[in-house]
Amino acid sequence: MGREQESKPAALFFSTSLSDAEFAAIAKRVREWTGISLSPEKKALVVSRLSRRLRELGIPSFRTYLQHLDTDADEVDRFIDLMTTNETHFFREGHHFQILAGWARERCREPLTIWSAAASTGEEAYTIAMVLAEECGVTAPWSVVATDIALKVLAIGERGRYPIERAKEIPPHYLKRYFLRGVGNQTGWMRVVEALRQKVRWQRLNLVEFDPQRMGRFDAVFLRNVLIYFDPPTKAEVVRRVLTTLKEGGMLFLGHAETLTPGDFPLQSVAPTVYRKCLSAE
Ligand SMILES: C[S@@+](CC[C@H](N)C(=O)[O-])C[C@H]1O[C@@H](n2cnc3c(N)ncnc32)[C@H](O)[C@@H]1O
């Protein structure tokens, strides 16, 4: 027995129990760094997302991990990657892209810049790009800016490579024109064609602390399925800042659960969750 113990490496003891005080400390940092509000019901989610990271680092408890976070800036990036929910898909909320297509069709000669403001792994930005390429041509003077707070998803988006199963989200004629199927060691993957990838610029951006004056001006903004993570004052502040970047008459697209009261902002309602910035708003 004694000999067996000697020959095995010492096992690190991991405690995956998270006290209320530790959860509160984690939620405080998430809020400070991302604006995301974590209610106490999210405790199990936090445990499941962080436990693996603790193991990877060989850190035995959440208390020690919190100390580590305060001294390691790179770990803050990993923490943000883990604490954000990045679910997305191509052509999500399809009616938005029908409206975008009709709107773009009439403006193909103008330089159009569209912002995908919580782009996650890029499906939204590339859907916008496919619709604009289809309506105006890939060489027309439009471009897409894709931003997110999480570095991991930005890297995936910039690469533009997705598992082949995701093809079912994309109408066949778009798939044929704008994706290449991987072969050899890329079997099982598909990649956005280079001409389209070049139309999308990637940038890290935190919606709760960016400077709208340094962002340029957009003809349309997709701010979808991110406001739901913020409390009402934070949500209002983010919308206010984003609207500063939107041109007069520009379009704002929100997620299906993120309606605004147009009277609270200089917006006219165009369709459910689609707004236009009022002409007199500048
Ligand atoms: C559920 S995804 C939405 C993706 C896409 N817009 C869609 O509707 O399919 C939410 C994204 O918001 C990002 N996010 C959360 N807080 C953010 C913040 N403060 N600034 C920028 N992005 C943030 C997350 O990293 C995540 O990728």
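Hi everyone, let's begin with the layout: this protein chain splits into domain 1, residues 2-83, and domain 2, residues 95-281. Before I go on, please keep in mind that this is a predicted model. Taken over C-alpha atoms, the centres of domain 1 and domain 2 are 33 Å apart. Where the two meet, domain 1 gives nine residues to the contact and domain 2 gives 11 residues.

Now to the ligand. Where does the ligand sit? You'll find the ligand in the largest pocket. There are 22 residues around the ligand, and those that come nearest are Thr-34, Thr-88, Arg-92, Asp-148 and Asn-225.

The side chain of Arg-92 places an N or O atom 2.7 Å from an oxygen atom of the ligand. Asn-206 has a polar side-chain atom 2.9 Å from a ligand nitrogen atom. With Ile-149 we turn to the backbone, where an N or O atom lies 3.4 Å from a nitrogen atom of the ligand.

And how much of the ligand's accessible area does the protein cover? On its own the ligand has 610 Å² of accessible area, and the protein covers 99% of that.

Notes
Residues numbered from 1 in each chain as written. Predicted model: local features only at pLDDT ≥ 70, side-chain atom pairs only at ≥ 80, totals over all residues. Heavy atoms only, no water. Near = heavy atom within 4 Å. Polar contact = N/O pair within 3.5 Å; in protein donor to acceptor, adjacent residues only side chain to side chain. Areas by Shrake-Rupley, 256 points an atom, 1.4 Å probe, with all protein chains shown as cover. 1 Å grid on protein atoms, 1.4 Å probe; cavity = no way out; pocket = protein on both sides within 12 Å on 5 of 7 lines; lining within 4 Å. Sits in = over half its atoms within 2 Å of the grid points. Domains from an automatic or database assignment. Contact = heavy atoms within 4.5 Å.
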